[in-house]
Amino acid sequence: MKKNYLVLCLALFFVTISYAQDYNFSVSEIPENLKVNANSTVRFKNVSVEMQSQRNMTIVTEKAITIYNKLADDFADVTLHYDKRRSVKNITTYIYDAFGNEVKKIKKKDFKDYSAYDGISLYNDGRVLYYDYTPTSYPYTIYYKYEVQTSNTAFINRWVPITGYHQSIQKATFSIKYPSDIILRKSERNFNDLSIKVKEAPGVLNYEINKIPATKYETSAPLFLNVFPNVKLGVNKFNLEGVDGEANNWKEFGKWYYDNLIKQTLYLKSETKEKIRALTAGIDDSIEKAKIVYEFVQNKVRYISVQVGIGGYKPMLATDVDNLGYGDCKGLTNYTAALLKEVGIEAYHTLIHADDKIDFDAKVASPEGNHMILYVPIANQDIWLECTSQKRPFAEIGSFTDDRDALIITPNGGEIKHTKVYKVEENLQLTKGSYKVDSQGGISAAISIESSGTQYGDNLRKYDGASEKELDALFKSYLSNINNIKFSKINVNNNREGLKYEENIAFSASDYASFSGDQMLLPINAFNKNSYVPKRVRNRKLPFKISSGFLDIDKIELKLPATFSVEYIPENIELTSKFGTYSIEITKVDEQKYIYKRTLQIEEGKYPKELYEAYRKFRKDIRKYDNSKIILNKL
């Protein structure tokens, strides 16, 4: 028995040694050009997908990545999701030093196993296996391999061989096999000028990419999915959490989604029907009716995420939301749609990518998006409702979901439609107020600020619900150009009827102006100084993006100390460029009183790299003129 045990141990030892020697992970094996601008290098990443049937799929992932510095440590984390329909097995993980020597073998018990609770979900039945390596030296390499078995064939992970800026790649492959009765569709992006090998045959698709240098991040660069190669994949026959589906396009996918995940969820109890009909009785205007329903939902329910099985995709029953008083984005959207239907207004669930402006891919119909909102077409108007917010006004979605393609789901099928695009002048911040300066350079001021459009949403998130202490800190940060500030008033108001966020503040501060001998140097722009200038990028390679357009208008009255006379007043300025406009206008009222008007408009857009320096100059000029000073002489 002892002899047999020894033989077994020796056999396992030699298998391990042989396995470890299959690859040479010495950093010296990485070509020098792949180290330039790189925080990490993917030595290889091989993903193999085999779809055995509509209800069964196996994914094998094998990857090795070399980490050069702490900026790339996150890429060494191993995160494996599993649940009752997705199992992870055959996990192998090793750590190697710079010379390719094995440092550590990671066992399954070294992984943390915890709930995939996201902090906002009432319940989430997903779990995560997670390993976070703490390095003792750089560079190091982590190698891992694992297998996933799942019945959720609706999701085939997008192939993204390079996962970020400052990452190079030696080799990456992706292969998928699928049955003859299934159609695979693909959407390839950013393949230009790259040597990507593609092999396709009935039931098989393969990709291979080799020796791609790192791309240095450049200020205002586009989202990396819009720069690096990636492929979205989808099949016409799939299974989603135990529900079979078939769709060849977005229209068919929307039809399947409605019939299987929405249609049976719109029921409301009779008491609720009577209540909502009574609230809207005598109202003929459909928009006014919809507004009453929206505010009813805001006052009755709150947002709590629920991610359990098909509940991650299927809305809660409208009657359950009504009874419980809470729901996730799908549940609250569904509840609002059911109420609107009861008062004769059609409304459609809409899948969308929230936060980042990512459009739905028109070529491949398969589940995507991370959020649901409601589309309400009324009187030739496209109205979009964010049903998770108890504070946002009717039909105001803000930057969270504006200006992107989304999928509306109707009883007749799906349709990709573009959400609300805010005009630049709608994203307005209007600042009015006054300040006076005393002979010691101190300032006392009172201002009001009204924000609308996307600026409304930004300030709503920032200020609404904040404590007095938090508001004090937030406004000191906003007015960071003024030291020693003491507020005597801070009032904020969410004016939903007026579609404005309102701020009223009053304060004083010493030493606002500076002195040079008998001269006082007074910064004229006290309340809305724009100091942003994008970083210099030599030999820029990438286009750039201005992610948000806005309009700021400031109208300020200023009173100068009577013991000083004016020597210099800044000239009126007007700048015009492709990126927006800027102007300041200073009007004299009397010897001590002046009116300062400032207008800044920034245009959202994507611009070629050749215009980057012109954009920098525009922002530098704005900063310069925002720092303009009045020069006063002591009498």
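This is a predicted model: local features need pLDDT of at least 70, side-chain atom pairs count only at pLDDT 80 or more; totals for chains, interfaces and linings use all residues.
Student: What percentage of the residues is buried?
Tutor: The protein has 635 residues. To count as buried, a residue needs a relative accessible area under 20%. The buried share is 49%.

Student: What are the dimensions of the box that the C-alpha atoms fill, and how many helices and strands are there?
Tutor: Taken along the principal axes, the box is roughly 105 × 70 × 50 Å. The secondary structure comes to nine helices and 38 strands.

Student: What share of the contacts with a separation of 6 or more joins residues 24 or more positions apart?
Tutor: Take the contacts in the protein with a separation of 6 or more. Within that set, residues 24 or more positions apart account for 72%.

Student: How far apart are the centres of the positive and negative side chains?
Tutor: The protein has 88 positive side chains and 80 negative ones.

Student: Which residues touch the most other members of the largest nonpolar core?
Tutor: That core has 96 residues. A second, separate core has 51 residues, including Tyr-501 and Phe-544. In the largest core, the residues touching the most other members are Trp-159, Phe-174, Phe-253, Tyr-257, Tyr-335 and Val-376.

Student: Which residues does Tyr-257 touch, not counting those up to four places away in sequence?
Tutor: Tyr-257 is among the residues that touch the most other members of the largest core. Its contacts beyond four places are Ile-262, Tyr-313, Lys-330, Leu-351, Met-372 and Ile-409.

Student: Is Glu-502 buried or exposed?
Tutor: Glu-502 lies in strand S28, residues 500-509. Its relative accessible area is 17%. The cut-off for buried is under 20%. Therefore Glu-502 is buried.

Student: Which side chain makes a polar contact with the side chain of Glu-502?
Tutor: Leaving aside neighbours within four places in sequence, Glu-502 is in contact with residues including Ile-449, Glu-450 and Asn-491. Ser-451 is 51 residues away in sequence, yet 6.6 Å from Glu-502, C-alpha to C-alpha. The polar contact is at 2.9 Å, and the partner is Asn-495.

Student: Is Asp-511 buried or exposed?
Tutor: Asp-511 lies in the loop between S28 and strand S29 (514-516). Its phi is near 60°, a positive value in a residue other than glycine. The relative accessible area is 55%, and exposed means over 50%. So Asp-511 is exposed.

Student: What is phi of Ala-395?
Tutor: Ala-395 sits in the loop between strand S22 (381-385) and strand S23 (405-410). Its phi is positive, in a residue other than glycine. The value is near 70°.

Student: Which residues does the cis peptide bond at Pro-139 join?
Tutor: Pro-139 is found in the loop between strand S8 (127-131) and strand S9 (140-150). Omega of the bond is about -10°. The bond joins Tyr-138 and Pro-139.

Student: Which residues does Gln-455 touch, not counting those up to four places away in sequence?
Tutor: Gln-455 is found in helix H7, residues 453-463. It is buried, with a relative accessible area of 13%. Its contacts are Asn-427, Leu-428, Gln-429, Phe-550, Leu-551 and Asp-552.

Key:
Residues are numbered from 1 along each chain as its sequence is written. Side-chain values use heavy atoms; hydrogens and water are left out. A nonpolar core is a set of buried Ala, Val, Leu, Ile, Met, Phe, Trp, Tyr and Cys residues joined through side-chain atoms within 4.5 Å. Buried means under 20% relative accessible area, exposed over 50%, partly exposed in between (1.4 Å probe, protein chains only). Contact means heavy atoms within 4.5 Å. Helices (H or I, at least four residues) and strands (E, at least two) are DSSP runs, numbered from the N terminus. A polar contact is a pair of N or O atoms within 3.5 Å; within protein, one must be able to donate a hydrogen and the other to accept it, and residues adjacent in sequence count only if both atoms are side-chain atoms. Lys and Arg count as positive and Asp and Glu as negative; His and the chain ends are not counted. The place of a charge is taken as NZ of Lys, CZ of Arg, CG of Asp or CD of Glu.
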